[in-house]
Amino acid sequence: MVSLPVNEPLLDGNEKKYLMQCIDTGWISSEGPFVKEFEEKFAARMGRKHGIAVCNGTAALDAAVEALEIGPGDEVILPTFTIISCVLQIVRSGATPVLVDADSLTWNMDVAQIEAKINPRTKAIMVVHIYGLPVDINPVLDIAKRHGLRIIEDAAEVIGQTYRGKPCGSFGEISTVSFYPNKHVTTGEGGMILTDDDELAETCRSLRNLCFRPKRRFVHERLGWNLRMTNLQAALGLAQLERLDEFIEKKRWIGRQYNELLAGLPGVQLPLPATDYAESIYWVYGLVLDESLGFDAQEAMARLAKMGVGCRSFFYPLHQQPVLREIGFFEGEQYAVAEKLGERGFYVPSGLALTEKQIDQVALACRNVFG
Ligand SMILES: Cc1ncc(COP(=O)(O)O)c(C=O)c1O
């Protein structure tokens, strides 16, 4: 049986046309003109002064942490329920990640837990918007202001989402996004760093490009990376950006369809459609299974796979990650909500290319498994 993929992008706008322009002109490297155009248009859409295109969202986070000079002795507060990308450079830099649990309804970081984790070593809060609803960010900004903390905002999953009418990606001193094919704007692989700060933007541009010095190219005063995005990727991104509003509308339509078709399934928690600060954009359509169901997400996904429905498990909490525990982090720490999400959460096909018929097929399979 051909399986319904968990995510399929829509590439039927100007993607081919812009890619052909790269090939026809020979501009395929990061020096090509689409990179700058994509950076400017994307940053403008996010309400930011600077956009620095990079090779993926993980790299964008790495550069953000390095640009803020986070290092040994520093602590960074972040959600335990997130992707490993968020913590990598914090750990590699010698800083310490400090975790907060998730909210059981929005699945975002529980902002009420942040303040208790602050101490004189705390340098930054990394805010990560998860799965479709933004973090309730105003209280986080207040806390950061009161304690003099930096804010990194990971808006990878919420391109096109707003918080109280203002774009997600516009709140961090440095914000980052990913353009992986399951995101609302894809470049195949890619990411962007967003900031209004001229100096931070310059630092990030330099870190992206091996810290070549403008005057003496091959003399280096800082350790950088090659994080450059190619003109080919930016060509795709531009074509995708042109359709962002349409994509968000489609995602919300997919969410509403599932909400209707899956309502009332016993023991299954569906995504929260809205809060007082945002309406979900259902980046992925997640289900969380109650303990009463007697089987977990792995088992549910296996059963759905047999019916041709591709699913993916939720993130596995950072405090349970073997690689981080081995380093010595999070000894004895428990975060009940994130642990439940990690064990009992998964998402069904949620990509932009989904059709009504496919959604019906997924819903029918779910009713079969959980009904
Ligand atoms: C919240 C979040 N941050 C960062 C990333 C990493 O992005 P990339 O896969 O482009 O490295 C992802 C990827 O899905 C993500 O969901």
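In this predicted model, helix α2 (residues 33-45) and helix α7 (residues 231-241) pack with their axes coming within 8 Å and crossing at roughly 35 degrees; helices (H or I, at least four residues) and strands (E, at least two) are DSSP runs numbered from the N terminus, while axes are lines fitted to C-alpha atoms, for helices over the stretch in contact, and angles run from 0 to 180 degrees between N-to-C directions. The crossing of α2 and α7 is left-handed, a term that applies if the near helix is turned anticlockwise from the far one by less than a right angle, with right-handed used if it is turned clockwise. On the α2 side the contact (heavy atoms within 4.5 Å) involves Pro 33, Phe 34, Val 35, Glu 37, Phe 38, Lys 41, Phe 42 and Arg 45, and on the α7 side Asn 231, Ala 234, Ala 235, Gly 237, Leu 238 and Leu 241.

Residues are numbered from 1 along each chain as its sequence is written. Local features need pLDDT of at least 70 and side-chain atom pairs count only at pLDDT 80 or more, whereas totals for chains, interfaces and linings use all residues, and side-chain values use heavy atoms, with hydrogens and water left out.

Seven strands form an open sheet of mixed pairing in the order β1-β9-β8-β5-β4-β2-β3, where two strands pair if DSSP finds at least two bridges between them. The edges are taken by β1 (50-54) and β3 (96-100), each of which pairs on one side only, and neighbouring strands of the sheet are turned by 20 degrees against each other on average, direction ignored. Within the sheet, β2 (residues 75-79) and β4 (residues 122-128) run parallel and are joined by three bridges, with Val 76 standing opposite Ala 124 of β4. Helix α2 also packs on this sheet, touching β1, β8 (174-178) and β9 (191-195), and its direction makes about 130 degrees with that of β1. Helix α3 (residues 57-67) likewise packs on the sheet, touching β1, β4, β5 (150-154), β8 and β9, at about 165 degrees to the direction of β8.

Ligand oxygen atoms lie 2.6 Å from a side-chain N or O atom of Thr 58, 2.6 Å from one of Glu 157 and 2.7 Å from one of Lys 183. The protein covers 91% of the 380 Å² of accessible area that the ligand has on its own, as computed by the Shrake-Rupley method with a 1.4 Å probe.

A further open sheet has four strands in the order β10-β11-β13-β12, with antiparallel pairing. Its edges are β10 (268-269) and β12 (312-313), each with a single partner strand, so that one side of each is left without a neighbour in the sheet. Two antiparallel bridges link β10 to β11 (residues 285-289), and Val 268 has Leu 289 of β11 as its bridge partner. Helix α8 (residues 244-262) lies across β11 and β13 (345-348) at about 30 degrees to β11, and helix α11 (residues 336-344) lies across β11 and β13 at about 105 degrees to β11.

Leu 293 is placed in the loop between β11 and α9 (297-306). Apart from its neighbours within four places in sequence, Leu 293 is in contact with Pro 266, Gly 267, Val 268, Arg 344 and Phe 370; the C-alpha atoms of Leu 293 and Phe 370, which are 77 residues apart along the chain, are separated by 8.2 Å.

Technical notes: Polar contact = N/O pair within 3.5 Å; in protein donor to acceptor, adjacent residues only side chain to side chain.
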